[in-house]
Amino acid sequence: GTYYKTYIPVHLLPESLLVCFSVNPASDIAAEVAGYADVAKQIIDLAVFGAAQNRSYRRLAHFTDTIGNRVSGSQNLEMAIKYMYKAITQDGLDVHLEPVKIPHWVRGKESAEMTVPRAKNLAILGLGSSVGTPPEGIEAEVLVVESFEELNRRASEAVGRIVVFNQPFVSYGETVAYRAFGASEAAKVGAVATLIRSITPFSINSPHTGWQDYKDGVKRIPTACITVEDAELMWRMAQRGQRIVVRLTMGAKTLPDADSFNTVVEIKGWQHPEQVVLLSGHLDSWDVGQGAMDDGGGAMISWEALSLIKDLGLRPRRTLRTVLWTAEEQGGVGAQQYFNIHKVNLSNFDLVMESDLGTFAPMALQFTGSEAARKVMEEVVKLLAPINTTKLETHGEGTDISPWMQSGVPGASLHVADSRYFWFHHSEGDTMMVQDPQDMNLCSALWAVVAYVVADLEDMLPR
């Protein structure tokens, strides 16, 4: 009449017996992940309060102060890659470089001036891949429009003119179409150049640059961004029926593709070294500001995450791999070439992570994956209770990890308090002044905990 309970771990049972048991995978995974609470706290304490406090911020400051901005194809970008290779080697991590070919667009000298109805210098930033003007520049009357629809309605007025787009900022994702396609849309109706209101919700007379895409079969015309203030000024003048004339000079040109590298850092897994949890940010930037926010911060926390794990003497089952991408700003060029080379091992990529929307105070982890994988990640983010970021949101984001996510690999990104991100984005304002050391500590802690725990779980995330 006496009963004894004996607990046998499921993985020790012979397969023939497993069919006799009803196992609850959800409770199993919850218990497994909960077992990482102590190690998660160690990572957080080291990053936020311990010897590594403010380290990612100091690394970023030294890097950006030493190198400056790092546009694709430039000598500065190659100096940045060499700098990071040396610094990561000195940190005691394994690092290697993987070669890629990247675009090499050069801004050259540029200027714009309104000559009628009054003389005024216009602050401009030419857009990536834009052609230049003739050496003497282009002087033409201006047509101001607020949308592609208005441009098409007034197509006959655009012939021979410089089209100024004064589109309102709705969101970056929606409004950026004007920067990307404004030149080709205006060229279709006979415009000779375009000036596009900077894609930002806030301005202190600062233009913002970015990549633009010429459409095949459409004449390529010079294109630049102007400030929100100057776009609004010309729109008001046009509403009054005033004639506006602008003289635009741009020395932009595209050189042959340049040699570059993705920078790859690893802590090899002890059990499944072929399986990979990938963390990333991009090392290139635009040729204005310092690229501290976009994306120096994301690159530094992706290095810092591995530093924290190394410093604690941790080694997960799977390989932790940080990739610092090159030529992200030109459309994820370095990342696409990395994907093309490594997609043969697609089934071994467990999780891909990217930080490229700032390293402000973290709010949540964004995740794309199967419902079963989501259940696992919901347990993982509970380990972040000490820094109050236990929320898991939908839609992992990132230009550089999108090829992996589109192929079914789970993806994750940081949701930070990013309301000011597009104030500084692609402008001279992207400097260390935007960064906060405590915010970077928190981002580093989150990044390291998530990466380590996922890499050390018994099983890969379900597809």
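Which element gives the most to the lining of the largest pocket? That element is helix α8, with seven residues. The model you are looking at is predicted, so local features need pLDDT of at least 70, side-chain atom pairs count only at pLDDT 80 or more, and totals for chains, interfaces and linings use all residues. Residues are numbered from 1 along each chain as its sequence is written, and side-chain values use heavy atoms, with hydrogens and water left out.

**The chain as a whole**

- The protein chain has 15 helices and 16 strands; helices (H or I, at least four residues) and strands (E, at least two) are DSSP runs, numbered from the N terminus.
- Its radius of gyration is 25 Å, close to the 23 Å that the globule rule gives for 463 residues, so the chain is as compact as a globular protein of that length. Here the radius is taken over C-alpha atoms, and the globule rule is 2.2 Å times the number of residues to the power 0.38.
- The C-alpha trace spans about 100 × 45 × 40 Å along its principal axes.
- Of the 463 residues, 57% are buried (buried means under 20% relative accessible area, exposed over 50%, and partly exposed in between, with a 1.4 Å probe and protein chains only).
- Take the contacts between residues at least 6 apart in sequence: 82% of them join residues at least 24 apart. Contact means heavy atoms within 4.5 Å.

**The largest pocket**

- Rolling a probe the size of a water molecule over the atoms shows where empty space is left.
- On a 1 Å grid over the protein atoms alone, a pocket is an open set of points with protein on both sides within 12 Å along at least five of seven lines, while a cavity is a set of points where a 1.4 Å probe fits but cannot get out; lining residues have an atom within 4 Å of a point.
- The largest pocket holds about 590 Å³ of space; grid points are joined across faces, edges and corners, and a volume is the space filled by probe spheres set on the points.
- Its lining has 30 residues, and Y172, R179, E328, T399 and H425 lie nearest the centre. The elements that give two or more residues to this lining are α8 (172-188), β16 (411-416) and α14 (421-424).
- By class, the pocket lining has ten nonpolar, twelve polar and eight charged residues. Ala, Val, Leu, Ile, Met, Phe, Trp, Tyr, Cys and Pro count as nonpolar, Asp, Glu, Lys and Arg as charged, and the others, Gly among them, as polar.

**The cavities**

- A search of the whole structure finds two cavities of 30 Å³ or more.
- The largest cavity has about 40 Å³ of space, and its lining includes W286, D294 and H426. Two nonpolar, four polar and three charged residues make up that lining.
- The second largest cavity has a volume of about 30 Å³. Among the residues that line it are V71, P103 and W286, and the lining divides into five nonpolar, two polar and no charged residues.

- Most residues other than glycine have a negative phi, and most peptide bonds are trans.
- The peptide bond from V116 to P117 is cis, with omega near 5 degrees, and P117 sits in the loop between β2 (110-116) and β3 (120-122).
- Another cis peptide bond, with omega near 5 degrees, runs from D294 to D295; D295 lies in helix α10 (residues 292-311).
- H395 is not a glycine, yet its phi is positive, about 65 degrees. You will find H395 in the loop between β15 (392-394) and α13 (402-406), where it is exposed, at 57% relative accessible area.
- H426 has a positive phi too, near 60 degrees, and lies in the loop between α14 and α15 (437-456). At 5% relative accessibility, H426 is buried.

**Two residues to look up**

- H415 lies in strand β16 and is partly exposed, at 23% relative accessibility. Leaving aside neighbours within four places in sequence, H415 is in contact with P362, M363, A364, Q366 and E393.
- E157 belongs to helix α7 (residues 155-158) and is partly exposed, with a relative accessible area of 31%.
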